[in-house]
Amino acid sequence: MDAPPLKGLWNTLAIPERWETTAHVASEKLSSLLSFFHHLTPRTWLPWYWLMVGPLLLACLTYLSSTIRFHMARRRDNDKRTLQTPLVPYWVPGLFHSVSLFSPPVFLPELIKRFGTERPVEVRAGWLRFIVIANPELIKTVFRKSKQVANKSTTLFALEHLMGLPKDAVRFFRADNSGLSATPRKSSAVPEDSRINFLVAHSSAKLLQGVHLEAMSAKYLSTLFRTLDAPLHKAPGSHRVSVGSGWTEFPDLYTFLQRITIGSTVEAIAGSKLLELYPGLVDDLPRFQSYVPKFLQLLPRWLIPEAFRVRDRLLGGIKAWHVHAHQHSDCNRLGPDDPEWEPYFGIKLVRRRQQYALELKEMTADARAAEDLGLLFASTANMTPAAFWLIFEALKDPILQSRLKAEVSASLRAPPPESTNGEGNDKSHDTPFDIATLLAQPLLQSAYAESLRLFVSVLVSRVAEYGDVNIAGYTVAKDNFLVMYSHLLALNPGEWARAGRTLTKSLEEFDAERFLVEPGWTRPLGKQAAAATEKNSTDTVAAEKKTKSQGKSGHVPLSYDGRRFSMDGLLGLWIPYGGGDHICPGRHLAKRQILLTFAALFTKFDLELTFPSPSAAADVKPDMRHAGFGALPPLGKVPFRMRRKVG
């Protein structure tokens with residue numbers, strides 16, 4: 001007898017309209033199901049068998065064949081002229097590793113554990129190809145190839161899917177193939193005034209350094225002090241705090257830092273009028289930051305409506321600010337005699353961005369708003385978590401806190417004379433620290449670098465945009481992505497040992513002294529090789545020498561307990577800001593903000609954690625849902641109390 005049709009099976013298993021739980025009904029359903037399988041014949045069960053087993057068999061054969069090809073490709077690596085990155089074994093043709101790539105922070109460490117760090121490997125998601133690199137020497141090579149590889153695709157992905165950049169503007173950015181150099185690429189036909197990628201990169205690089213950087217640092221610090229000194233404002237969205245000489249309890253250290261640093265950063269960069277027009281920005285920007293993983297997973301509006309509503313409010317508020325600022329100020333005021341900061345547009349970088357964008361029809365009001373949302377996001381999203389972890393680790397360890405505070409004290413200027421302007425607001429109060437001296441303190445620098453090493457988890461990516469690229473003998477085809485995961489490098493003890501670093505604590509732990517070296521220490525490389533590999537390092541010895549030479553207070557220490565701060569040999573291992581020509585242009589400002597926030601709080605206040613038990617602080621972990629996207633916020637709340645210092 002032939003088996004009942006598929007519809008009959010469905011009817012057999014269908015749930016009654018009303019939930020019936022009697023033994024009689026259950027018995028009938030079971031008997032019908034057994035009868036269906038009892039009447040199956042070879043002619044009828046064979047299609048069912050292949051329907052269930054066929055895909056599984058295909059997946060197994062695919063995995064077996066791709067594994068063989070992978071190992072054969074690795075064996076061919078002995079022929080240095082024809083190195084190819086082997087494709088990691090996969091189960092499903094066409095999809096390749098698509099599902100795994102939805103969670104790179106989980107997938108990439110598994111890859112490295114299986115295949116090691118010595119050679120790059122390839123993974124795919126449909127037609128997209130990603131070359132995963134975890135070897136510091138190869139990463140240095142990538143950074144030195146900055147003229148051949150770009151991060152435009154990654155930046156555009158974030159601008160479009162996170163910041164809401166309109167489609168026309170995305171196409172405009174993508175069509176610009178002129179490169180980032182002052183001289184356009186020979187193959188490019190993009191007009192000089194339409195080189196949008198160059199305009200963005202060049203403006204940021206030029207106006208986030210030198211006197212502009214000094215002015216921004218001073219403005220951030222003065223705004224932060226005003227925020228900490230002002231009485232509590234009752235208006236919604238206020239970022240001011242009210243703390244007296246008695247202890248004041250706060251439910252969460254991270255939320256507190258978000259409010260004071262975001263408000264101070266926004267005012268220091270975009271001017272004071274933005275917050276006057278849109279005070280809710282101080283609340284909406286951190287809300288928006290919390291939705292970053294969902295936006296970058298490309299979840300649609302109907303699945304995360306609140307995330308899109310928050311972004312819509314931010315974009316609307318920024319557009320209204322642009323209109324108001326243009327009515328009351330001139331974004332062309334960029335000369336050396338023009339102010340570094342003014343209340344409507346803020347710093348010269350913001351004015352310059354408005355200036356060139358207004359000349360480009362593709363940069364509509366919506367596009368300019370998305371661009372400036374990106375600027376405000378980049379200025380706060382990583383700085384605030386990094387400052388949190390530095391402060392939190394100091395609060396956990398009283399001895400470390402005492403030593404860091406001593407270095408802060410060594411950076412204080414002499415007390416200013418009494419004000420004679422009749423307002424009790426002498427300008428020197430805005431910068432009580434010798435910033436150059438503060439930045440040169442060895443333990444502070446080491447603790448800062450350690451906070452970024454352990455608590456920044458970023459996927460640094462580059463694209464072979466203009467043609468095939470040779471990376472240490474490996475051919476990377478045009479349009480392929482190069483992916484480097486900072487957290488993998490930060491936690492690789494073998495590579496740190498090869499860099500000449502002695503690990504007194506596990507790389508999984510916070511060690512404030514990790515970047516301090518003995519006086520006679522040198523990295524295990526010859527001078528010529530050292531000079532070549534560190535060519536693109538911008539925050540190392542040169543920065544140390546510069547800050548030392550600029551110190552005015554006479555307190556610049558050359559060592560801490562006989563040791564000095566050094567980043568020598570760590571390019572390719574310590575990459576929270578990326579590297580090469582495409583390194584984060586705001587890294588110098590971020591470092592200053594982090595250290596100035598730490599210094600300001602511990603100079604003005606006593607702070608203590610208020611967990612119910614002393615061991616609870618050890619349970620505070622980073623929120624790995626944000627892994628791969630930048631600095632990691634804490635998971636859970638960190639209660640604390642603070643009081644203003646007297647005298």
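Three strands form an open sheet in the order β3-β16-β12, and the pairing is antiparallel. Strands here are DSSP runs of E of at least two residues, helices are runs of H or I of at least four residues, and both are numbered from the N terminus. Two strands count as paired if DSSP finds at least two bridges between them. The edges of this sheet are β3 (248–250) and β12 (605–609), each of which pairs on one side only. From one strand to the next, the twist averages 25 degrees. Angles run from 0 to 180 degrees between N-to-C directions, with axes taken as lines fitted to C-alpha atoms, for helices over the stretch in contact.

The model is predicted; local features need pLDDT of at least 70, side-chain atom pairs count only at pLDDT 80 or more, and totals for chains, interfaces and linings use all residues. Residues are numbered from 1 along each chain as its sequence is written, and side-chain values use heavy atoms, with hydrogens and water left out.

Strand β16 (residues 640–644) pairs with β12 in the antiparallel sense over five bridges. Within this pairing, Asp606 stands opposite Arg643 in β16. Leu607 has Met642 of β16 as its bridge partner. Helix α25 (residues 587–604) lies across β12 and β16. The helix runs at about 100 degrees to β12.

A second open sheet has five strands, in the order β1-β2-β9-β6-β14, and its pairing is mixed. Its edge strands are β1 (121–125) and β14 (629–631), and each pairs on one side only. The twist of this sheet averages 35 degrees from one strand to the next. Strand β6 (residues 456–463) pairs with β14 in the antiparallel sense over three bridges. Val456 stands opposite Ala631 in β14.

Helix α10 comprises residues 253–270. The expected span of a helix is 1.5 Å times one less than its number of residues. Buried means under 20% relative accessible area, exposed means over 50%, and partly exposed lies in between (1.4 Å probe, protein chains only). Gly271 follows α10 and has a positive phi, near 90 degrees.

Individual residues were examined next. The UniProt record, an unreviewed entry, lists Cys584 under "binding site". UniProt positions are given in the numbering used here, feature names are shortened, and annotations may be inferred rather than shown by experiment. Cys584 is found in the loop between β11 (564–565) and α25. Its relative accessibility is 30%, so Cys584 counts as partly exposed. Cys60 also counts as partly exposed, because its relative accessibility is 37%. A search of the whole structure finds zero disulfides, a disulfide being a pair of cysteine sulfur atoms within 2.5 Å.

Ser204 is found in helix α8 (residues 196–207). At 10% relative accessibility, Ser204 counts as buried. Leaving aside neighbours within four places in sequence, Ser204 is in contact with Leu349 and Pro585. Contact means heavy atoms within 4.5 Å. His322 is found in helix α14 (residues 305–328). His322 counts as buried because its relative accessibility is 4%. Not counting residues up to four places away in sequence, His322 touches Gln354, Arg368, Ala369 and Asp372.

Chain totals complete the description. The protein chain contains 25 helices and 16 strands. Buried residues make up 51% of its 647 residues. Among contacts between residues at least 6 apart in sequence, 70% join residues at least 24 apart.
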